[in-house]
Amino acid sequence: MKEVSVLVGGRAGDGINNAGAMVAQLLNHLGYFVYISIDYPSLIRGGHNFALVRAADKPVGAYNNRIDYLVALNQETLDLHIPHCPDCTVVANADLAKSIPSGQTISINAILKAESAPPITGNSAMIGAFAKVAGIPWEIVLEVFSRHMPKAADENLRVARRAYDECHTTRQVPALSGPPHSLLTGNEVIGCGLVAGGLTHYISYPMTPSSSLLHFLAGNAERLGITVIHPENEIAVILMGLGSAVAGARTAVGTSGGGFCLMTEGLSFAGMAEIPVVIVVSQRTGPSTGLPTYTGQAELQFVLHAGQGEFPRLVLAPADAGEAYRWSAAAMYLAWKYQIPAFVLSDKTLSEGTYSVDYDTLAELPVADPVLWDGQDPYLRYQDTPAGISPLAFPGRKDAIVKVNSYAHDEDGYTTEEAALVTLMTEKRRKKEVKLKEEMDRYPCVSVRGKADASTALLCWGSVRNACDEVATRLGLRVIQPVVLSPFPDQQFSAACQGVQHLIAVEENANGQLAALVHEHGGRVDVTVLKYDGRPFTPDELFLRVQEAIAP
């Protein structure tokens, strides 16, 4: 695989994410597929931030240990990263980086003074310098700035051009023949998928790493034709979400693990009252506050079992942008069809990572709309049907009395403590779960990748699959990734494991939560490869760990 990696580093507040995004666009316009990972502490200003841009001739969804170019806005970036990339090409800001072992420097202050430009344009000088050092033609720099920084483009281009002219090419990035793609974060793609699935209301209290989904949908609410609400806390979020769904609005809510803790009583309410709602849970390192700005996969068992009592739920864990779009749309459809809570289980790596996205390849799963009351018979909100799915009507509908009840209730929605009725309604909800499982068997709930007939397989879920794909290619292994985790796709998983003699679970948690789920459903995991320091597996790191796991 042809690839190049660029690390852009500096202080929080220096615009590192935007600088990384512009570097990614330069490589995107050279024909590369791009993935961006951002690393930052839980601080508003200060601390060390960096964006790692990996570009390749094939789609990628993980960053690697290798760094080819180091764009350093300050000395700390050099001190922290040079020991890990002694052969990388350095482009540094001479105003703040005083000890540079090798490479090229520019003085941002001198360039801004010469161009009478404001400090906010300083990063454009670093981008221009990098472009020249990497041998990227000025025409591409001009196009990228004009398209992706239209505000004050002329001013930024003047600054970038001066830095470009001050440097010389030392390590050229070869151009590829591929077209540029849209670059979207995982949260942006999840948002687009929810809208494609019929989203009309998104309700969330900001909590990293789900916050950017709230910002994206709020910033595009008018364009997308949706309503976005930011209540006072997560309890208000889930209850407002349930209320809007009862009124007929297709609603999703978003949070992370700590915020979801506050939603669990509302989740049980949704289970008993059969209220459709999509819950996006973007995981970070816990427990408690944990590492707010780092990744993890420790919420699987929590999401599977949250809430008191028994009720059906749908749990989906996409691995990349394409899956995030497809399954987020499906979550909206299926939540409403079956009147259940549906989870999109993401993590910081997926939510805040940026991917090359080809809109032509984004496909939705074919799912039918919910059954609505036809107005003929007296309306029963919880009518028992062969599939357990009651026709829907909403408050205000003529001749329909719509009752919503968190107590045990009869078909009308009136509270009951009669044993026979409680049994009837429990079995009604169970019928929905059976029907949902039957329908999910028609969809690709388990992804099999790599060498399909390999006797050794990597078992993974969520964003970890991207690193597993690369390791499997290098070692000739199979990759088995359940996308749907509840209801668990037993038949598809069993088929995916045919011929596997050695199953290695790769997860970013301390207990092997997917391995435990597989064991619960009669499967066997031979070895677990776990990581729980808040950082994602890199393909290079995972390669060594898997080699150890398969060594005789």
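Predicted model: local features only at pLDDT ≥ 70, side-chain atom pairs only at ≥ 80, totals over all residues.
1. The bond joining Ser486 and Pro487 is a cis peptide, with omega at about -5°.

2. Pro209 belongs to the loop between β8 (201–204) and α8 (211–219). As background for this point and the next, most residues other than glycine have a negative phi, and most peptide bonds are trans.

3. Now for two backbone angles worth a look. Ala152 is not a glycine, yet its phi is positive, about 55°. You will find Ala152 in the loop between α5 (138–148) and α6 (153–166). Its relative accessibility is 38%, so Ala152 counts as partly exposed; the buried class would need a value under 20%, and the exposed class one over 50%.

4. Glu274 also has a positive phi of about 55° without being a glycine. Its loop runs between α12 (264–273) and β11 (277–283). Is Glu274 buried or exposed? Glu274 counts as buried, because its relative accessibility is 0% and the cut-off for buried is under 20%.

5. Helix α7 (residues 186–196) deserves a moment, and Leu194 is one of its residues. The buried residues of this helix are Gly186, Asn187, Val189, Ile190, Gly191, Gly193 and Leu194. Just past the end of α7, Gly198 adopts a positive phi of about 105°.

6. Strand β2 (residues 33–39) is mostly covered, with 6 of its 7 residues buried. β2 runs antiparallel to strand β3 (residues 48–56), and 7 bridges join them. Within that pairing, Ser37 is opposite Leu52 of β3. β2 also pairs with strand β14 (residues 354–357), again in the antiparallel sense, over 2 bridges. Here Tyr35 has Tyr355 of β14 as its bridge partner. When you inspect the side chains, recall that in a regular strand they alternate between the two faces of the sheet.

7. Stepping back to the whole chain, its secondary structure amounts to 20 helices and 20 strands. The radius of gyration is 25 Å, close to the 24 Å from the globule rule for 552 residues, so the chain is as compact as a globular protein of that length. The C-alpha trace spans about 80 × 60 × 40 Å along its principal axes.

8. How much of the chain is buried? Of the 552 residues, 58% are buried. Considering contacts between residues at least 6 apart in sequence, 72% join residues at least 24 apart.

9. Finally, the surface and the charges. The chain exposes about 22,200 Å², and 52% of this comes from carbon and sulfur atoms. There are 43 positive and 58 negative charges, and their mean positions are 4 Å apart.

Definitions and conventions. Residues numbered from 1 in each chain as written. Heavy atoms only, no water. Helix = DSSP H or I, 4+ residues; strand = E, 2+ residues; numbered from the N terminus. Rg over C-alpha atoms; globule rule 2.2 N^0.38 Å. Buried < 20%, exposed > 50% of the residue type's maximum accessible area, 1.4 Å probe, protein only. Contact = heavy atoms within 4.5 Å. Areas by Shrake-Rupley, 256 points an atom, 1.4 Å probe, with all protein chains shown as cover. Lys, Arg positive; Asp, Glu negative; His and termini not counted. Charge placed at Lys NZ, Arg CZ, Asp CG, Glu CD. Pairing = 2+ DSSP bridges.
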